[in-house]
Amino acid sequence: MAIKKFAVGCYDDEAVLFPAVEKVRNSGYKLHDVYTPFPVHGLDKALGHKDTDLHVAGFIYGITGTATALGFMGWIFTGDWPTNFGGKPHFALPAFIPITFETTVLFAAVGMVLTFCYLNQIMPGVKKHVFHPRQTDDLFVVVLELNEHVSEQEAIDFLKSTGAVETKVEMAESEWWYGRFDKEEEYEKLNATV
Amino acid sequence: MNERFELPARLKTTSIALMLVGLLVLIIGGITLLGGDHHAQTRFWIVLLQTSVFFVMITAASVFIQAAASLAQGGWIVAYKRVPEAIGANVWVFGLIAAVVLLFIAFGLDIDGHNPIYHWVHPEGDEILEGKSAFLNKGMFAGFTLVTIGLWAFFGRKFRALSLAQEKAPKNSTKIYWTMVKWSAGFLLVYALTQMSTTPWMWLMSIDAHWYSTMYSWYTFASAFVSGMAVILLFVLSLKNHGYLELVTKEHTHDLGKFMFAFSVFWTYVWFAQYMLIWYGNIPEETTYFKIRQQGPYGLIWYSVFIINFIMPILVLMSRPSKRNYFTVTFMAMAIIFGHWLDFFIMTMPGPMGANWYLSWYELGVFAGFAGLLMFVVYNTLTKASLVPENHPLLKEAVLHES
C-alpha cells in the first residue's frame, strides 16, 4: 500500500510488445507489470514468470478434504452415532468413498480458486489502479516503476525507443485496496506536481 | 527431414527372442497342458483368451486415439503420429489370433460334454442361460467377434493408408485431412458400439454367464485405453532412445503421461463404481463375482491390481516433473501394462479355473510372446515410411506444442 511513481508505455501490437518486454528486462528498469486486453501466449515466459506452486496448494487442500470427510464420517458412524445400515460394518469404507471423493474435489477446487484470487489480487470489492483505460480494449500497457534516482525523461525516451505509441508518467497506488474507486482526487493533487 | 527408421539389431533380437519364448511356452503348454486333465486344458485356452483379447484391445486403442485426435483436431499427436498408426495397422495380427482362439473356444472346446469357459454354449436346463440365449449364442458370438475384429483391423489400416496418402498429396492440400475426419467419426461410432458396449460382454463378461454388470464395457475400455497409451509411450520413447523422432520433446511425452495418469484415475472410478454398487446392494447372485475375487483365492491379485493401477499412478504420476522424466514414465508405462494385463487375468480366470489358478511359466510366457510379437510387427511397420508426417497440415502446430 504505497503510492509510487510509474512510467507507462502503450503498445498497439504484440509483435512490438515482445521485443519491448525483453528490452525492458535487459535495461535494468524495474518492471511493475504488463496489462493486456486478452491472454497473450508466451508472455509469462517473456516476463520471466516461474510456475507457481498453486498445484502443491491444490494437493494439500485435496488431502485436507479427504481427511476431513473420512475422519468426520468415521467418527459419526463408529463413535458418535453408530447405526446399522443393512448389516454393513460401521466403518463402511466403500460407502464413504463417493463422499470422500466429492469433498476432496470441493476442497481442492474452492481452495485453489481462492488461492488463485489471492495470488492475482482479484476478489469482489478489490480495486486496483487502471493505468490506461484502453488496456482492456486494444492496447498493451507496460508499466515501469520509477523512484527518485531515475530520470523521468530518460524512462519516457526509453519506452518510446522500444516502440511505445503513447507514454506518460503518473503517480498511482501500486497495490490493491479494498473499497470504492476513490483515489482519483488524491492522484490529481499528486500528479499536478509531476 | 525424412526420418527413415531402421530397425536396430538389438530391438530385433529382443522381439524375436520374446516371440521364441512365447512359441516355446505355447508348444510345451500344448504338450503338457492339452495332454493333461480338464483343468490343465482349460488353463491352456483361458490364458490364450485373456492375453489375445488384451492385446487386440490395447492395439485397437491406438486406432481410437487417432480418431479422437483427428476429430478434435488435436495437433500435438502429429509429432509422433506414425507410432499409433503403426500399432493400429497391426490390429489385424492380434485380431486374427484372438478370433481363432475365441471361435475355437466357443465352437470347438468340449471337455466331457461341456464347455469349461463359455457355459452358455449349452444353455439347456439352465433357466438364466436359456433366458439369455437369444443374445448369448454361438451365432451371435461369431458375428460380434468377426465384425468387431474386422472393423477394427480395417479402420487401423485405413487410417495408416490415409496418412501415407497425405504425404503424396500436393503441398498444403487439406482434402485428405478432412477425409480422415469423416472416417474418424465413423470409427468412433464403431468403437462405441463394440469396445464400449457389446464386445466385452461377449468375449469376457460371458465367462461368468450368470452374472452381469452394465459398467463392464466401460471398465474394459478404460483398461484398454490406458494400456494403449502406455504402449504408444513406450514405442515413442524407444524410438527417441535410438535417436529418432527429434521433433518429439518432453512437451509431447508429458501429454502422454497426463493421459496415463488421467485414465488410471478414470479406470479406478469405473472399477470402483461397479464394485461399490454391488457391495452396497448385497444381492447374492451379484456378489458371487466379487466374493471369489476379493476375499477368495484371488485376493492377492485383486489388491495388487488396485495398487499397480491406481495407487502407483496417482502417487508417481501426479507431479509435473515426474511426467517429464523419461525414466518414471517408462517405468509407470510398463507397470500399467502389466497391471491391466493382471486386471484381465482377474476378469477371466476365476470363472473357469476356480480356486486353482496359476500365474507362472505358461501365463508369463504367453504374455512375453505377445509382447514380442507386438514389438516385431510394429517396428517393422515403422520402417516402411518416414517417421515425420511432413505434409500434415498440423505438423507445425505439433512442433510448437507446449503442454
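**Close-ups of a predicted model**

Helix 8 of chain B and helix 9 of chain B lie roughly antiparallel to each other, and "roughly antiparallel" means an angle over 145 degrees. This is a predicted model, where local features need pLDDT of at least 70, side-chain atom pairs count only at pLDDT 80 or more, and totals for chains, interfaces and linings use all residues. Residues are numbered from 1 along each chain as its sequence is written, chains are lettered from A in the order in which they are written, and side-chain values use heavy atoms, with hydrogens and water left out.

**View 1. Two helices of chain B cross.** Take helix 8 (residues 216-241) and helix 9 (residues 250-281) of chain B: their axes, lines fitted to C-alpha atoms over the stretch in contact, come within 9 Å and cross at roughly 160°. The crossing of these two helices is left-handed. Where they touch, the residues split into 21 nonpolar, four polar and no charged.

**View 2. Strand 4 of chain A is mostly covered.** Seven of the seven residues in strand 4 (residues 140-146) of chain A are buried, meaning under 20% relative accessible area with a 1.4 Å probe, protein chains only. F140(A), V142(A), L144(A) and L146(A) point one way, while V141(A), V143(A) and E145(A) point the other. In a regular strand, side chains alternate between the two faces of the sheet.

**View 3. Strand 4 of chain A has antiparallel partners.** Strand 1 (residues 3-11) of chain A is joined to strand 4 of chain A by seven bridges, and K5(A) has L146(A) as its bridge partner. Strand 2 (residues 30-35) of chain A connects to strand 4 through five bridges, with Y35(A) standing opposite V141(A).

Conventions. Axes fitted to C-alpha atoms, helices over the stretch in contact; angles between N-to-C directions. Helix = DSSP H or I, 4+ residues; strand = E, 2+ residues; numbered from the N terminus. Parallel < 35°, antiparallel > 145°, perpendicular 65-115°, else oblique. Left-handed = near helix turned anticlockwise from the far one by under 90°. Nonpolar A, V, L, I, M, F, W, Y, C, P; charged D, E, K, R; others polar. Buried < 20%, exposed > 50% of the residue type's maximum accessible area, 1.4 Å probe, protein only. Pairing = 2+ DSSP bridges.
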